Amino acid sequence: MFGGSPKFDFADKTACINQHIAYMLNRTQSMFRWKGLPDTIPERSLELFLQTNGNVCFYKYNGELYVFTGGMGGEPDVYYMPTVYTIANPALKISKSLKIGTECVVMPNDSLYLGLIPMFSRYASGMTENELSMKLAIINSRIIDIISAPDDRTRESAEKFLSDIDNGKPGVIAENAFLDGIRAQPYGTTANSNALTNLIEMEQYLKASWFNELGLNANYNMKRESLNSSESQMNNDALLPLVDDMLKCRELAIEKVNKMFGTEISVSLASSWEDNEQEIELEHEKISGQPETKGGETENYEQE
């Protein structure tokens, strides 16, 4: 029905980490809204290359504008930045070293050309380890007592007793030897319960921190009580710096692309990121009592 076994293997850490990363990349595909892209540059491919590779190269080949991933090198410029971008694309049968700024435009995902994979890997690894621990804690919570038996006959009687209880039948003890031989030791149910609660809190903390770094407000309140407005505002202030940096890098590069190749491409925040930015700006306006412009400066209005 599902094209494979529906059972999820928490012990396969590599598969779990990759799945967490893939699902988060699905979300971040909605981070930006592109307009004016040529048909040769799908928005999905552009953002996926930027977020996973850390940068892309805009280059016109055979009269069509494409984006490529590759390696940067050449003699560094005065600010120690690479001057050559090397691309290879089997589908287009192209392999070239391009002069950055003259033949092509490089667009970084962020100021340090990191992309999102290093951050995604960190959080995905932590969540995978935590989920594996949660699985073990859940299994251990099923164990109320550890039962021991001195011989095979008593063990078989104990197994039948537990089986009858599990099947909804009344458990019947036929011999006194069973009561005399069986031993049951409590298995620290309270400790397991506390461990599971801590693991659930860690899961929520990792998820909230991951979303916060990406500019999505997912509060995790360690105090287990309501946040006041100032605390909420502090969280809002930490949301957008990375997203703003990513948007700025795209905007600066797209200006160069439009100038070099005569395009009219534009980019802006989209989906929840756009909503969050508007909400945060409104919150700042309420606190300052003055409307805020995009650059962070307030507008002055004079009454006539």
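Asp-110 is buried (under 20% relative accessible area, with exposed meaning over 50% and partly exposed in between, for a 1.4 Å probe and protein chains only) yet takes part in no salt bridge, a salt bridge being a side-chain nitrogen of Lys or Arg within 4 Å of a carboxyl oxygen of Asp or Glu. The nearest side chain of opposite charge belongs to Arg-250, 6.9 Å away, where Lys and Arg count as positive, Asp and Glu count as negative, and His and the chain ends are not counted. The model is a predicted one, in which local features need pLDDT of at least 70 and side-chain atom pairs count only at pLDDT 80 or more, while totals for chains, interfaces and linings use all residues. Residues are numbered from 1 along each chain as its sequence is written, and side-chain values use heavy atoms, with hydrogens and water left out.

Asp-110 sits in the loop between strand 7 (105–108) and helix 3 (117–140), helices (H or I, at least four residues) and strands (E, at least two) being DSSP runs numbered from the N terminus. A polar atom of the Asp-110 side chain lies 3.0 Å from the backbone nitrogen of Tyr-113, and a polar atom of that side chain lies 2.8 Å from the backbone nitrogen of Gly-115. Apart from its neighbours within four places in sequence, Asp-110 is in contact (heavy atoms within 4.5 Å) with Gly-115, Asp-245, Met-246 and Cys-249.

Three strands form an open sheet in the order 4-5-6 with antiparallel pairing, where two strands pair if DSSP finds at least two bridges between them. Strand 4 (70–73) and strand 6 (94–99) are the edge strands, each pairing on one side only. Strand 5 (residues 84–89) and strand 6 run antiparallel and are joined by six bridges, and Asn-89 has Ile-94 as its bridge partner in strand 6.

Tyr-61 belongs to strand 2 (residues 55–61). Apart from neighbours within four places in sequence, Tyr-61 is in contact with Tyr-66, Leu-92, Lys-93 and Ile-94. Tyr-61 and Leu-92 are 31 residues apart in sequence, and their C-alpha atoms are 8.9 Å apart in space.

## The protein as a whole

The secondary structure comprises nine helices and 10 strands, and buried residues make up 31% of the 304 residues in the protein. Of the contacts with a separation of 6 or more, 63% are between residues 24 or more positions apart.

Technical notes. A polar contact is a pair of N or O atoms within 3.5 Å; within protein, one must be able to donate a hydrogen and the other to accept it, and residues adjacent in sequence count only if both atoms are side-chain atoms.
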